[in-house]
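The following questions ask what lies behind the labels given to parts of a structure. Each answer sets a value against its cut-off.

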Amino acid sequence: MTVAAEVRPRGPYSLRLTAAGTDATRRYRDGVLTAAVRTSAGPEVAEARQLPEGTVLLRAATEEGIAALRFALALDDDHSEFLRRFDADPLLGEAVRELEGLRVARVGTVAQALLRALCGQLITSREARALEWAIVRATSPALTADGLHAPPTEAGLVRLSPAQLRARGLHARRGAALVRICGSVDLERLHGVPTATVVARLTRERGLGAWSAGVICLEGLGRSEQGLVGDLGLMKLLAALRGRWVEADETCELLAPYGEWAGLASVYLLKGFARGLIPLPGQARTRHGTSRAGRRLAAA
């Protein structure tokens, strides 16, 4: 690695919250994110770590690698307006206050976001990540001795037939959708297309719906407008709130109050629900959130 940069994120930012988790292309360990990124010269390995005062230190082989890592970590996407607007939201407020540094990390290619969306349909997140990992390993080269792989491309993914994808665990119809879309759509060009147009384009494809479009917008394109409509975790949350089982499209009502922040709100709702930060009917509250200003005063 030959290029280094010190980046002060715009707005509250936590690398630990944003980069937590591991997949075939990146890992977060002992406070350091190591990620494979793609540049015009090919894939390279980059690293990031955050200093106690908030600055994020980046290292990569090229300036383009630094730029790719900045995008992957959403360092320049200030979500302060989201935090201000929903600080006192009766449903989301405590999660906003407790997780304020959380942003959505992006994968290395839009093709990987498509793969993630297709792998994640109707199975658990653990199964989906294992399936994604197996397909990335089969279609992208390893860049490190411990098996960190380059983000997959359309060209790499179409080298596997639907039958080969099925052998690795991807449902036949989803495998066919992956090969068809990667072979007919220039996914990276979607970066220059308005979100509403992207969603309309994606949901016209057989095998993709609103949830898949939300995953691709959030994790592939870095857009916060499209919520994770129909997400199983959001359905469970809404069922807990309403005291009955709900249909997938009812999650639109859950996300509607968050407007152009519906995508980011989806993530905060899911993380907050998992951490007991979402108030549920009849739930004994053991945690009490305070405002950001209150926490700063308490720490002073």
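Contact here means heavy atoms within 4.5 Å. The model is a predicted one.

Q: Which residues of α5 and α11 are said to meet?
A: V110, A113, L114, R116 and A117 of α5 meet W211, S212, V215, I216, E219, G220 and L221 of α11. By class, this contact has eight nonpolar, two polar and two charged residues.

Q: What describes the packing of α5 and α11?
A: Two packed helices are described by the angle between their axes and the distance between the axes. For α5 and α11 the angle is about 145 degrees, and the axes are 8 Å apart. The crossing is right-handed.

Q: What makes α11 a mostly covered helix?
A: Eleven of the twelve residues of α11 (210–221) are buried, among them W211, C217 and L218. The cover over these buried residues includes α2 (63–72), α5, α10 (195–203) and α14 (262–274). After α11 comes G222, with a positive phi near 75 degrees.

Q: Why is R26 called buried?
A: Buried means under 20% relative accessible area. R26 has 14% relative accessibility, so R26 counts as buried. D23, at 3%, therefore counts as buried too.

Q: How do you know that R26 and D23 form a salt bridge?
A: The rule asks for a side-chain nitrogen of Lys or Arg within 4 Å of a carboxyl oxygen of Asp or Glu. In R26 and D23 the closest N and O atoms are 3.6 Å apart, so the pair meets the rule. By this rule the count comes to 15 salt bridges.

Q: What makes E253 and R242 a salt bridge?
A: The closest N and O atoms of E253 and R242 are 2.7 Å apart, which means that they fall within the 4 Å limit. E253 is in helix α13 (251–255) and R242 in helix α12 (232–242), eleven residues apart. At 48%, E253 is partly exposed, and R242 counts as partly exposed at 34%.

Q: What makes D23, R26, R116, E132 and E219 one network?
A: Salt bridges that share partners join these five residues, D23, R26, R116, E132 and E219.

Definitions and conventions: Residues numbered from 1 in each chain as written. Predicted model: local features only at pLDDT ≥ 70, side-chain atom pairs only at ≥ 80, totals over all residues. Heavy atoms only, no water. Buried < 20%, exposed > 50% of the residue type's maximum accessible area, 1.4 Å probe, protein only. Helix = DSSP H or I, 4+ residues; strand = E, 2+ residues; numbered from the N terminus. Axes fitted to C-alpha atoms, helices over the stretch in contact; angles between N-to-C directions. Left-handed = near helix turned anticlockwise from the far one by under 90°. Nonpolar A, V, L, I, M, F, W, Y, C, P; charged D, E, K, R; others polar.
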